Amino acid sequence: MFSRMLKKLLALTTGVAALTGALAVNAPSADALTTLVIKSELTSNCLADNGSDLLVQRRCSSGQFSVFVSAPDAFTWYATSTGTGKMRLRNHNGMCLDNDGWWPYFGNCVAGDSGQEWNITSCATTDAELVSNGKYLTAWPDGGLSMRGPDQNLGNPDSRQWRVSTSPWC
């Protein structure tokens, strides 16, 4: 009887350790300032992972933006300091919001990668602009994303404006 109880206890302990390890993969790093959701003022879609590690605008989950994210999902972002006064934004998938000056995308998180360093132009949670290397993260009505300079005519100023669930920059 004792060996049967020991086997059950060992199986339970192993299962808990495996579950804890699986949850730790998507947990925020120790230097994460906050967990947030980023929503386009133009399209009302959230900046997300499409499930295949592609950066997209997706319809936000019901109530997603009105509360803090409680579990990692496609809309979850972790803001961490880069040590340069800017933020690095890492998605639940472990990839960072990156850009090449024209297109935003997911990239491996790399210290010193200027395409992964972001500023926010407002401490308000609405009408915020995400800026990297002088270019603005821009949402398009068709669901596309791009980077645009401050002097580029967008046709709609809301293209550059985002609603951030909380502002880690302030």
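These notebook entries record what I looked up in a predicted model of one protein chain.

**Entry 1: ground rules**

I number residues from 1 along each chain as its sequence is written. In this predicted model, local features need pLDDT of at least 70, side-chain atom pairs count only at pLDDT 80 or more, totals for chains, interfaces and linings use all residues, and side-chain values use heavy atoms, with hydrogens and water left out.

**Entry 2: the chain as a whole**

I looked up the elements first; helices (H or I, at least four residues) and strands (E, at least two) are DSSP runs, numbered from the N terminus. Of the contacts with a separation of 6 or more, 51% are accounted for by residues 24 or more positions apart, where contact means heavy atoms within 4.5 Å.

**Entry 3: confidence**

I then read the pLDDT, which is the predictor's confidence in each residue, from 0 to 100. The mean for the protein chain is 75, and 69% of its residues reach 70 or more. Which elements have the lowest and the highest mean pLDDT? Helix α1 (residues 2–25) has the lowest, 38, and strand β7 (residues 96–99) the highest, 96. Over residues 1–30 the pLDDT stays under 50, and the model has 9 contacts beyond four places in sequence for them. Residues 64–70 are also below 50, with 14 contacts in the model beyond near neighbours in sequence.

**Entry 4: β5 and β6**

I found a hairpin formed by β5 and β6 with 5 residues between them; in the turn, Gly-83 has a positive phi of about 85°. Strand β5 (residues 77–81) runs antiparallel to β6 and is joined to it by 5 bridges; two strands pair if DSSP finds at least two bridges between them. Thr-80 has Arg-88 in β6 as its bridge partner. I also noted that β6 (residues 87–91) is largely enclosed by the rest of the structure, because 5 of its 5 residues are buried. Met-87, Leu-89 and Asn-91 lie on one side of β6, and Arg-88 and Arg-90 on the other.

Strands of a sheet pair through backbone hydrogen bonds, either parallel or antiparallel. I traced an open sheet of 4 strands in the order β9-β10-β11-β12, with antiparallel pairing. Each of β9 (119–120) and β12 (145–148) has a single partner strand, so one side of each is left without a neighbour in the sheet. β9 pairs with β10 (residues 130–132) over 2 bridges, and Asn-119 has Val-131 in β10 as its bridge partner.

**Entry 5: Ser-146**

Beyond four places in sequence, its contacts include Trp-102, Trp-103 and Tyr-136.

**Entry 6: Gln-161**

I located Gln-161 in the loop between β12 and β13 (162–164). Gln-161 counts as buried at 16% relative accessibility. Gln-161 and Lys-39 are 122 residues apart in sequence, yet 8.7 Å apart in space, C-alpha to C-alpha. Lys-39, Leu-42 and Asp-127 are among the contacts of Gln-161 beyond four places in sequence.

Notes. Buried means under 20% relative accessible area, exposed over 50%, partly exposed in between (1.4 Å probe, protein chains only).
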